[in-house]
Amino acid sequence: MKSLAELEAIRNKTLGSINLRNDREEGTRIVVGMATCGIAAGARPVLSALVDEVAKRDLKDIIVSQTGCIGMCRLEPIIEVYVPGKEKVTYVRMSPEKAVRVISEHIVNNRPVKEFTVSEADK
Amino acid sequence: MNIVRSHVLVCGGTGCTSSGSEKLISEFEVQLKKAGIENEVSVVRTGCFGLCALGPIVIVYPEGAFYSMIKPEDVETIVQEHLLKGRIVTKLLYEEAVSEKNDILPLSETQFYKKQQRIVLRNCGVIDPEKIDEYIAFDGYKALGKVLTEMTPEQVIDVVKRSGIRGRGGAGFPTALKWEFAAKQPEGVKYVCCNADEGDPGAFMDRSVLEGDPHAVIEAMAIAAYAIGSEQGYIYIRAEYPIAVKRLQLAIDQAKEYGLLGNNIFDTDFSFDLEIRLGAGAFVCGEETALMTSIEGFRGEPRPRPPFPAVKGLWQRPTILNNVETYANIPQIILNGAEWFANIGTEKSKGTKVFAVGGKINNTGLVEVPMGTTLREIVEEIGGGIPNGKKFKAAQTGGPSGGCIPLSLIDTPIDYDSLLSIGAMMGSGGLIVMDEDSCMVDIAKYFLDFTVDESCGKCAPCRIGTKRMHEILEKITSGKGTMQDIENLKALANSIKSSSLCGLGQTAPNPVLSTLRYFEDEYIAHVVDKKCPAGVCKDLLQYTIDKEKCKGCNICAKNCPVTAIIGELKKPYEIIQDKCIKCGVCESKCPFDAISRK
Ligand SMILES: Cc1cc2nc3c(=O)[nH]c(=O)nc-3n(C[C@H](O)[C@H](O)[C@H](O)COP(=O)(O)O)c2cc1C
Ligand code: SF4
């Protein structure tokens, strides 16, 4: 260890991966519906794609977690995005490719992907 | 390191390990693989979460679901339901952590954690103590970096001084003063030592810190070394703490690999190396001069002070010795500032204190509270009260060197000075709760039994005096005591206190003196009435059969191991007192409650 910068680099590298152990309300959460209906519709690869993408982009303060049945089984796989201070956005009929776009457009660039949202689904 | 979506934290402290947490870890690995999600969920072995009574404990993040008393059979359910499908298994959760609406409450809102404030234990149960990167992620070694690159040794001592921190190993000596003495000694070889002997029976605070966050102690020792101008440190730890020793060694190795120990740390002129020295578990080796003698390779016996270790310690060189918990506070003080620390606690006792709470209490475990928290808050709120609806009688702090706090003083704020003023002491943080079924004379005898065993024998008052005191207590508890014996106890106690060489002898009479102070009536009951009011001292007990209630069923006689019960079927039975060994089996077997103990 030659410098504080080196220490800081290790800190940043590790913090992202263990920060979800803090009991905190802050930060963005992406929740995937993983009840039987969700899994049958292909929620598992969606979840994996989300986790991979978060890791690949080294995003901090993002939690990807799963929940039970969201209640609209015909629209599964469903994911919900909670950004602090904003309304929840619900995306339906997800696929791994769509999930990656949600990360890049909604999470990174702060522009929800309108065409995948539940309000667009039945149009 | 892979980013995973969920972390399963399994307590790997000594308590949970002995209740089977290792098995849980391997079972989690098997079940995660079976579910095909082993790459998304990581299983982490952490240090103690504190709630040992409910172990083994598993916490699943990000939800923060706190599962208690988990058995290997439960693992499959948690994996399939919670980790795969996202349905928290409410029935396995710690019941305090579930709200009325069946949601999970943040741990910080449960009774057990609500009044706690975690400085020393902040990483325990949060990080994997075997990974230095995780310690660094939560600001580890940042304080050392700051000290080495921005502060002079004098500034470090000044911050420690203004924080007001006092030693957590027992005596409560101001830490900065000790450092200052050592720093002022002429340049040359100096040593920094850590006392991890923890000999107080029932105490496990230091062990838990070393098991859960070993790097905090290493970092603090390096800071102390910089402050006094030392290049070599020793951690003295008992060999009976195998998990702590292993993690500590691993942590030292990792710190060396990263260059956080060794030569020219952070590219400065400062070099520091650290070694572990194993102790054999003698209580007296926790005393500072005995500890240093033991590190030097001799039999661990105390020597007179002065010279104080800060002037002439290890190998006759200036040495500072601090307790594990004292050290664990230091990096936080450096990072958050002296004022932050000085704002916590009471006027003369700053910061928090970790207690190992045991005995007759529901939530046995490790708690960290601000100084000044009352005993009542610890017992009734955090500790969840006394089991089986029994009443609180007293609590012992400071172990064999300390004293008891009776019910009438349960609202005493716990800090160094209040405890001393009521005849107890802070000690290292063991806190043993006693209920109405505890006999205070028996408790005093128990602690004296311990000191008689642990006295090193170097000086007569302690070696012979404690033995004599123990004999008198033996006499009193077997019903042969006299009022003169009580007076003799007091006289002996006072002369042992004033004439022993080291702290062990000087404090050994405390449990007797404090029980005499608050419970003299119990001593008198043993001596005058030949009765043990709590029903503990066997020689003073009699089991008798109530002739009215006895139906002559013969069950007691069949169960008595020494055939001390005689009688005829369907007629009242009788106990032959000379034969009775007072095991109490008959009382527990009688279907008619006809047998009583008096
Ligand atoms: C008999 C005896 C046993 C002791 N055992 C311990 C111990 O196990 N751990 C400890 O830190 N201090 C123990 N001490 C206190 C040490 O002598 C010393 O005061 C302490 O380690 C200093 O560190 P501190 O200033 O950080 O509290 C013991 C003292 C006596 C007299
Ligand atoms: S007081 Fe007891 S333990 Fe201490 S030196 Fe004397 S005999 Fe040994």
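## Cis peptide bonds

Pro306(B) lies in the loop between helix H12 (288–295) and strand S8 (319–323) of chain B; helices (H or I, at least four residues) and strands (E, at least two) are DSSP runs, numbered from the N terminus. The peptide bond from Arg305(B) to Pro306(B) is cis, with omega near -10°.

This is a predicted model, in which local features need pLDDT of at least 70, side-chain atom pairs count only at pLDDT 80 or more, and totals for chains, interfaces and linings use all residues. Residues are numbered from 1 along each chain as its sequence is written, chains are lettered from A and ligands numbered from 1 in the order in which they are written, and side-chain values use heavy atoms, with hydrogens and water left out.

In chain A, the loop between strand S2 (62–67) and strand S3 (79–82) holds Pro77(A). The bond from Glu76(A) to Pro77(A) is cis, with omega near -15°.

## Positive phi

Most residues other than glycine have a negative phi, and most peptide bonds are trans. Arg93(A), not a glycine, has a positive phi of about 45° and sits in the loop between strand S4 (89–91) and helix H4 (96–108) of chain A. Asn388(B), also not a glycine, has a positive phi of about 55°; its loop runs between helix H15 (375–382) and strand S11 (392–397) of chain B.

Arg93(A) is partly exposed at 40% relative accessible area, whereas Asn388(B) is exposed at 72% (buried means under 20%, exposed over 50%, partly exposed in between; 1.4 Å probe, protein chains only).
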